[in-house]
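Hello,

Here is the structure I promised to pass on to you. Have a look at it first, and then read on for my notes.

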Amino acid sequence: MSVVVLPYLGTRAASLELNRPAPEVGVPHPSRSTPRSADPLAGLDIRLTYRTVRVLTVIAQHPGASNREIAEGSGIVDQGQISKLLTRLARLKLVQNTGGGQEKGASNAWRLTRRGAEVERATRLL
């Protein structure tokens, strides 16, 4: 760490790092460790691209948004692309359509599922 710190923080910081004791390595206490199942991205069978994360963010910010509103908010121009992506996210149970849908001539109304909200929080854009 001393070598890494030296060019950015100077010799004093590098010296402090050089003299710092090494951290203790051991088995974490069970109550302090996070179980693997708590990872919202575990087992997610999709590549999380910027576009996918952006769609989840738009739905989180605007529950009940239509395909067109989500496409506009996430910068997707092609309606076919947004439709395919929303269908894929619905199949993965990250979003659900609570609107009437095309069968009834109504627009879609997309909302995040509980897992979708967890994934959106874990991938939130800063």
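The buried residues of helix 3 pack against helix 2, helix 4 (79–91) and strand 2 (110–112). Buried here stands for under 20% relative accessible area, exposed for over 50%, and partly exposed for what lies in between (1.4 Å probe, protein chains only). Helices (H or I, at least four residues) and strands (E, at least two) are DSSP runs, numbered from the N terminus. Before going further, please note that this is a predicted model, in which local features need pLDDT of at least 70 and side-chain atom pairs count only at pLDDT 80 or more, while totals for chains, interfaces and linings use all residues. Residues are numbered from 1 along each chain as its sequence is written, and side-chain values use heavy atoms, with hydrogens and water left out.

Back to helix 3, which spans residues 67–74. Its buried residues are Asn 67, Ile 70, Ala 71 and Ser 74. Seen down the helix axis, they fall within an arc of 100°, so they line one face of helix 3; the arc is that of the directions from the helix axis to the C-beta atoms. The face turned away from this buried side carries the exposed residues Arg 68 and Glu 72. Just after helix 3 comes Gly 75, with a positive phi of about 80°.

How do helix 3 and helix 4 cross? Their axes come within 10 Å, at a crossing angle of roughly 105°. That makes helix 3 roughly perpendicular to helix 4. On the helix 3 side, the contact is made by Asn 67, Arg 68, Ile 70, Ala 71 and Ser 74, and on the helix 4 side by Gln 79, Ile 82, Ser 83 and Leu 86. Contact means heavy atoms within 4.5 Å. Axes are lines fitted to C-alpha atoms, for helices over the stretch in contact, and angles run from 0 to 180 degrees between N-to-C directions. Angles under 35 degrees count as roughly parallel, over 145 as roughly antiparallel, 65 to 115 as roughly perpendicular and the rest as oblique.

Now for the protein as a whole. Its secondary structure comes to five helices and two strands, and along the sequence these follow the pattern α-α-α-α-β-β-α. Of its 126 residues, 29% count as buried. Among the contacts with a separation of 6 or more, 49% are between residues 24 or more positions apart.

Lys 93 sits in the loop between helix 4 and strand 1. Phi of Lys 93 is near 60°, a positive value in a residue other than glycine, and at 60% relative accessibility Lys 93 counts as exposed. Val 95, by contrast, lies in strand 1 and is buried, at 3% relative accessibility. Leaving aside neighbours within four places in sequence, Val 95 is in contact with Leu 56, Ile 59, Leu 86, Leu 89, Ala 90, Trp 110, Arg 111, Leu 112 and Thr 113. For Val 95 and Thr 113, 18 residues apart in sequence, the C-alpha atoms are 5.2 Å apart in space.

Tyr 50 is another one to look up. Tyr 50 lies in helix 2 (residues 50–61) and is exposed, with a relative accessible area of 59%.

Finally, the charged pairs. Side chains of opposite charge can pair when their charged atoms come close. A salt bridge is counted where a side-chain nitrogen of Lys or Arg is within 4 Å of a carboxyl oxygen of Asp or Glu, and the count comes to three:

- Glu 17 and Arg 20, with the closest N and O atoms 3.1 Å apart. Glu 17 is partly exposed at 23% relative accessibility, and Arg 20 is exposed at 55%.
- Arg 114 and Glu 118, at 3.6 Å, N to O. They are four residues apart in helix 5 (residues 114–122), separated by about one helical turn. Arg 114 is exposed at 69%, while Glu 118 is partly exposed at 27%.
- Glu 120 and Arg 124, with the closest N and O atoms 2.8 Å apart. Glu 120 is buried at 5%, and Arg 124 is partly exposed at 47%.

Enjoy exploring it!

Best wishes
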